[in-house]
Amino acid sequence: MNLKDMIHHYGRQFGTLIGLLILCTVLWILSPFFLTVSNVLNIAQQTSINAIIAVGMTFVIITAGIDLSVGSILAFSGVVLASVAKAGAPVPVAIAAGLAVGLLCGLVNGLLITYGKLPPFISTLGMMSVARGAALLYSDGRPISGFSASFRFLATGEILHIPMPVIIMILVYLIAHFVLTRTKLGRYTFAIGGNEEAALLSGVNVKFYKAAVYGISGMLSGLAAVILTARLSSAQPIAGIMYELDAIAATVIGGTSLMGGEGTIVGTLIGAFIMGVLRNGLNLLGVSSFIQQIVIGSVIIIAVLVDMALKKQSK
Amino acid sequence: MKSKLFKLLPMLMLLLLGLTISTCQRGKQKSKEGATIALVLKTLNHPFFIDMQRGAEEAADSLSVNLLIQAAEREVDVEKQMQIIENLIQRQVDAICVAPSGSRELVPVILKANEAGIPIITIDTRVDSAALVEIGAEVVTYVGSDNYEGGRIAGEFMVQELDGTGKVAILEGIPGHETGDARLRGFHKALEDAPGIEIVTSQTANWERDQGFNVFQNIMQSHPEVDAMFACNDLMALGAIEAIAAANKTGEIVVIGFDALNDAKIAIKEGKMRGSVAQHPYEMGKIAVESAYKVLQGKTVPEYIPVTIELITRKDLE
């Protein structure tokens with residue numbers, strides 16, 4: 001791949017990347033507190049949860065689907081893994097419990113969509129309510145807290161001064177980028193989103209791969225629950241309300257098309273960071289909370305508008 | 001053409017930031033030299049917290065300190081509140097006054113503030129002291145109502161209004177919130193001495209008005225004999241009185257709320273509610289900022305600063 005091809009291939013990411021860089025530059029000029037090592041790590045840590053959920057969302061949206069249940073699955077996984085951790089189980093067991101709950105919920109979504117032939121919007125909307133109810137039922141509506149220091153290390157720990165949530169996020173992105181660009185699962189994800197009929201006719205096991213994609217999305221919500229629970233040293237059954245919207249926003253800002261068949265993991269990372277940087281910057285500047293919402297919403301709209309304009313150009 | 005479009009995104013982003021900057025400038029005009037105190041509320045779309053904000057602003061004005069006010073979009077979103085506090089630590093504010101969205105979840109970030117040498121003052125909701133001790137975090141003071149006492153006053157009034165016999169339903173807040181739990185404990189305590197009063201059901205309506213309506217409507221279906229209702233906040237009580245009105249039972253069911261919001265006072269005047277326990281959020285905001293100021297001056301403040309709490313009934317409003 002020569003430079004010209006690369007620019008063509010990653011062109012859309014350059015647009016969002018430039019946006020992110022401009023945003024950072026402006027905040028750097030406006031606030032002396034923005035561009036410090038501790039604040040950059042702070043932003044990365046705050047972005048990690050949304051960024052991880054957004055990876056699953058990217059897979060789902062590339063298949064032309066949507067997952068509205070991620071926030072509720074996060075809450076359900078959270079209370080389950082918290083109860084396991086609180087009971088004194090080793091940390092890996094607690095993590096596995098959280099991932100398993102997420103994976104199961106995601107697979108149920110996948111089965112309803114493939115074998116039940118439900119539109120993703122409906123099946124994940126149902127799961128959004130079911131998982132939330134399950135989280136409330138399981139925890140009796142109360143937050144679960146009180147964990148060992150080794151569990152809390154998942155959020156408060158650092159390796160070479162890099163906070164654990166950031167390390168986990170980086171690993172997730174490396175793996176996801178590899179899976180999406182270099183494996184069968186990745187190629188089929190694009191194929192299904194591009195033209196499901198064609199994928200089916202060319203022998204792709206559409207049902208299997210589609211269900212797998214929703215499973216991944218659920219499992220990553222479970223992973224986000226691990227970080228959130230360790231971070232707050234408490235799992236709340238009401239956690240993660242509207243997180244699906246943040247994840248969808250990060251994905252579409254990152255250039256993934258809601259029509260399916262298009263998207264990159266790198267783009268989603270940039271999208272998640274645009275949202276994280278924006279929230280952090282607006283806090284540093286002391287902007288009113290109401291205006292923050294207007295700004296964040298506007299950025300989502302503008303990013304997608306620009307993205308659409310760019311796409312038209314390249315065609 | 002393509003390069004022109006590439007320029008479009010940054011330009012639009014700049015435009016947006018322009019809007020942001022202009023707002024900041026407006027904020028800056030008000031600011032004065034001196035310490036910066038941050039006030040982090042649970043939300044800004046609740047009259048209680050808007051009053052608290054006003055009290056804090058008045059104190060900041062008279063003490064000539066800068067006040068930064070932030071809140072999460074949703075009251076229950078304690079993770080966002082945590083992010084706000086982390087960002088304020090980065091911003092190197094001098095003190096943080098916070099009305100915690102959760103009793104334990106903020107403990108890790110309070111520790112971070114401690115490490116950065118920023119004193120934390122809690123308002124309205126107490127942070128679990130055992131959780132603080134466990135990781136060695138510290139809160140300078142708690143400014144708030146004695147919610148237990150408030151619940152107890154409400155319970156005593158309930159016993160009085162029912163002449164010692166009757167069936168009572170309770171609308172709880174979000175489970176696990178120290179504020180609501182203390183009100184419940186106080187209410188239960190007052191009812192202990194009245195064997196004729198039975199609590200038939202106690203359910204959550206998550207502090208919200210619309211849920212108060214729905215939950216109480218369901219309660220009236222399952223317990224048509226219910227004589228009275230205590231709601232842990234007025235929004236839920238206000239929702240419930242609409243459900244009562246829809247069932248043509250206005251005035252028949254004794255309703256007691258908490259917070260004495262303006263709408264609740266009107267409802268009390270109209271006989272739709274019997275009473276509400278008044279808190280003084282304006283005072284809370286004011287005292288919190290004043291305490292933060294004292295701490296920054298090197299003075300000590302007591303670890304608990306109670307704010308007056310009282311029952312408001314029709315008599316008080318006439």
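# Chat on a two-chain predicted model

Colleague: Let's start with strands in chain B. How many bridges join β1(B) to β3(B), and which way do they run?

Modeller: This is a predicted model, to be clear. β1(B) and β3(B) run parallel, joined by 4 bridges. Across that pairing, B:L39 sits opposite B:C97 of β3(B).

Colleague: And what does β3(B) do with β4(B)?

Modeller: Parallel pairing again, over 3 bridges. There B:V98 stands opposite B:T122 in β4(B).

Colleague: Are the faces of β3(B) covered or open?

Modeller: Both faces are covered. β3(B) spans residues 95-98. B:A95 and B:C97 are buried on one side. B:I96 and B:V98 are buried on the other.

Colleague: OK, another sheet. What is the strand order in the open sheet of 6 strands?

Modeller: In chain B the order is β7-β6-β8-β9-β10-β12, with mixed pairing. The edges are β7 (197-204) and β12 (310-313) of chain B, each pairing on one side only. The twist averages 20 degrees from one strand to the next.

Colleague: In which sense do β10(B) and β12(B) pair?

Modeller: Antiparallel, over 4 bridges, with β10(B) covering residues 275-278. B:V277 is opposite B:L311 in β12(B).

Colleague: Which strands does helix α8 of chain B touch?

Modeller: α8(B), residues 209-222, packs on the sheet and touches β6 (166-172), β7 and β8 (228-231) of chain B. Its direction makes about 150 degrees with that of β6(B).

Colleague: What about α9 of chain B, which strands does it lie across?

Modeller: β6, β8, β9 (254-259) and β10 of chain B. α9(B) is residues 234-246, and it runs at about 150 degrees to β9(B).

Colleague: Where do the buried residues of α7(B) pack?

Modeller: Against α6 (147-161), β6, β7, β8 and β9 of chain B. The buried set in α7(B) includes B:T179, B:D181, B:R183, B:L184 and B:F187. The helix has 15 residues, 178-192, and reaches 21 Å from first C-alpha to last, close to the 21 Å expected at 1.5 Å a residue.

Colleague: Back up the chain. Which residues of α2(B) are buried?

Modeller: B:F48, B:F49, B:D51, B:M52, B:G55, B:A56, B:A59 and B:A60. Their cover includes β1 (36-41), β2 (66-71), β4 (120-123), β9 and α11 (281-296) of chain B.

Colleague: How many residues does α2(B) have, and what follows it?

Modeller: α2(B) has 17 residues, 47-63, and reaches 24 Å, close to the 24 Å expected. B:S64 follows, with a positive phi near 55 degrees.

Colleague: Switching to chain A. How many helices and strands?

Modeller: 13 helices and 4 strands. The radius of gyration is 19 Å, close to the 20 Å the globule rule gives for 315 residues, so chain A is as compact as a globular protein of that length. Its C-alpha atoms fill a box of roughly 55 × 55 × 35 Å along the principal axes.

Colleague: What percentage of chain A is buried?

Modeller: Buried residues make up 57% of the 315. On contacts between residues at least 6 apart in sequence, 79% join residues at least 24 apart.

Colleague: Is α12(A) enclosed or open?

Modeller: 19 of its 20 residues are buried, so α12(A) is largely enclosed by the rest of the structure. The helix covers residues 265-284 and reaches 28 Å, close to the 28 Å expected. A:G286 follows α12(A), with a positive phi near 70 degrees.

Colleague: Last topic, the interface. How many residues are in contact?

Modeller: 47 from chain A with 45 from chain B. On the chain A side, the elements giving two or more residues are α1 (3-30), α2 (37-62), α10 (206-232), α12 and α13 (289-314) of chain A.

Colleague: Which gives the largest share?

Modeller: α13(A), with 12 residues. By type, the chain A side divides into 24 nonpolar, 20 polar and 3 charged.

Technical notes. Residues numbered from 1 in each chain as written. Chains lettered and ligands numbered in written order. Predicted model: local features only at pLDDT ≥ 70, side-chain atom pairs only at ≥ 80, totals over all residues. Pairing = 2+ DSSP bridges. Axes fitted to C-alpha atoms, helices over the stretch in contact; angles between N-to-C directions. Contact = placed C-beta atoms within 7 Å. Expected span 1.5 Å × (residues − 1). Buried ≥ 20, exposed ≤ 12 C-beta atoms within 10 Å, placed from the backbone. Nonpolar A, V, L, I, M, F, W, Y, C, P; charged D, E, K, R; others polar. Rg over C-alpha atoms; globule rule 2.2 N^0.38 Å.
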